[in-house]
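Here are a few notes from going through the charged pairs. Have a look at the model first, then read on.

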Amino acid sequence: MKLSKHFAHCRLTPAVLAWIFPLLLLLPNIALAFTERDPLISKVTDLVLPLGIYYLLMSLSTAVGRTVIFALPLIILAAFQIVLLHLYGESIIAIDMFLNVATTNVKEVSELLGNLIIAIVIVVIIYLPPIVLAIIQIIGKQRCNPDFRRKMLPTGGILTAVGLICLTICYFNIDNFSIKRSIFPVNVIANMFEAVDRSVATANYDKTSAAYTFAAKATHDQTGKELYVLVVGETSRADNWQLFGYGRETNPKLSVREGLAAYPKTLSESNTTHKSVPMILSPLTAETFGDSIYCSKGICEAFNEAGFTTAFLSNQQRNHSFIDFFANQAQTTEFIKDSVPDALDDQLLPKFRKFIDEADSNKIFIVMHCYGSHFNYHERYNNNYRRFTPDNSTEASSLNRAELINAYDNTILFTDALLDSIISIADSMDIPAALVYTSDHGEDIFDDSRKRFLHASPTTTFTQIHVPLLIWMSEAYRHMFPDEYAAIVSNTNKNVSSTRSVFPTMLSIAGVSSSRVDPSANLSSFDYSESPRHYLNDYNEAVSLDKAGFRQIDFKNAKSNNISTE
């Protein structure tokens with residue numbers, strides 16, 4: 001009783017909270033007005049309409065504290081949006097962001113959260129006080145004077161009416177305008193529901209993909225032994241590879257390998273692992289991903305149908321995504337982090353050797369999924385590869401860029417050694433053998449004035465999708481299939497999409513035919529043809545790079561690398 005009387009004398013009245021709280025909820029909208037490239041009328045609508053509705057909501061009851069608590073989901077979305085803007089500098093909370101929360105392992109989340117302390121502190125300072133004040137007012141049974149509603153209601157009504165007029169103008173004057181994509185927080189709520197729908201569809205994958213077949217057949221001589229390896233890297237950007245013109249010696253071993261072809265003009269069609277890797281491992285592309293991902297199977301199934309012994313060896317953690325589904329389609333599947341959580345990628349090598357030794361078929365196909373250059377960079381290699389120092393910084397700050405780059409370059413050096421070791425094992429067998437390597441996506445490391453960091457941002461940059469692509473063929477392979485080797489060499493200066501070309505190229509090199517293969521995307525064919533650049537956006541739509549978020553500096557970076565963006 002005494003506590004209730006004490007709170008009743010709180011000087012911050014319910015009326016003050018009622019007027020201030022909607023403005024705090026509007027902070028993400030204000031920030032987005034500066035960060036997004038939307039037309040002016042769309043930005044005005046995004047400011048006026050939500051504010052009007054917030055004031056109308058506040059006028060529904062004189063128990064303002066209770067209304068604020070009921071609005072807690074909006075507070076959470078606003079806080080999440082501010083943190084996202086701090087991290088990436090633009091865009092709303094994407095569908096992929098919600099899906100990443102569900103598929104990213106706890107260790108990755110903890111590593112990222114450690115570098116978002118400033119943003120988290122900011123949102124706590126902004127949104128914790130009104131929550132505490134609302135609780136105080138509820139306990140103190142404080143209410144607004146009924147006269148307050150006679151002022152709040154007209155304000156909310158006028159703003160809402162103006163917002164609706166602006167909204168109508170948007171629909172008539174902006175192509176493809178949608179409240180579900182352009183008005184916060186409606187767009188984020190819509191994205192959340194879409195993420196749930198996709199998660200449900202993913203959970204039913206076994207049923208929806210059951211009838212899928214590649215109709216794959218082996219075309220090479222069935223009696224000889226052959227080995228084919230697909231290595232999928234993580235967060236490796238081509239900009240830091242010596243093979244692609246980087247100034248540091250990050251590829252000392254691969255640079256002197258015979259039979260190696262490198263493709264410097266390669267872009268991925270996604271900056272997220274959960275989209276790019278399934279496209280690499282299947283015939284799907286940005287144009288066909290959509291709903292088709294739920295009924296398609298992966299590359300191991302194609303090799304199974306062709307009579308190969310198959311394995312999927314991973315240094316990633318299971319996350320119940322399509323990568324896991326495609327991995328489980330191999331005859332042997334191992335995720336080494338199941339038993340060694342902090343395993344480095346070179347711990348895949350003993351598994352690789354063991355599988356080759358024990359394979360009960362002359363035709364062997366192995367997928368190796370690495371952890372590569374994932375942040376924290378300095379944890380991805382051992383001390384033997386600490387060539388570029390100092391390299392211990394873990395704080396995500398542009399002030400630490402030099403150390404972050406040192407550590408990142410060491411991860412590329414480590415990947416160079418890993419790939420060379422795989423090639424050495426295959427080469428020592430003196431059989432037709434080939435390896436294809438690419439990364440799922442690249443990475444931003446405070447490269448320009450935007451100060452972008454990491455990957456998987458709602459809008460992409462050049463460095464997030466410029467990835468390495470390598471093809472190696474053994475001497476025995478080059479001797480037996482000279483046309484294929486000649487073709488991969490002849491295509492090295494072509495513009496390539498990793499997510500479009502790896503699947504058909506891998507099958508063709510291994511002598512596997514399938515009606516699912518796009519022959520024009522096959523790099524081991526003289527008939528290879530460059531395709532228009534596309535990017536798989538948050539809504540699973542294939543869009544041009546300017547619609548994917550490319551800014552002038554990204555187009556400039558692509559041009560300096562002689563990479564087509566059309």
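**Notes on the salt bridges**

1. Start with Arg 181 and Glu 541: they form a salt bridge, and their closest N and O atoms sit 2.8 Å apart. Arg 181 belongs to helix H11 (residues 179-182) and Glu 541 to the loop between strand E14 (535-536) and strand E15 (542-543), so this pair ties together parts that are 360 residues apart in sequence. Bear in mind that this is a predicted model. On the solvent side, Arg 181 is partly exposed at 38% relative accessibility, and Glu 541 is partly exposed at 31%.

2. Arg 198 and Glu 194 make a salt bridge at 3.1 Å, N to O. Both are in helix H12 (residues 186-203), four residues apart, which is about one turn of the helix. Arg 198 counts as buried because its relative accessibility is 6%, under the 20% cut-off. Glu 194, at 30%, is partly exposed.

3. Asp 518 is partly exposed, with a relative accessible area of 34%, whereas Arg 500 is buried at 12% relative accessibility.

4. For the overall tally, searching the whole structure turns up 23 salt bridges.

Conventions
Residues are numbered from 1 along each chain as its sequence is written. This is a predicted model: local features need pLDDT of at least 70, side-chain atom pairs count only at pLDDT 80 or more; totals for chains, interfaces and linings use all residues. Side-chain values use heavy atoms; hydrogens and water are left out. A salt bridge is a side-chain nitrogen of Lys or Arg within 4 Å of a carboxyl oxygen of Asp or Glu. Helices (H or I, at least four residues) and strands (E, at least two) are DSSP runs, numbered from the N terminus. Buried means under 20% relative accessible area, exposed over 50%, partly exposed in between (1.4 Å probe, protein chains only).
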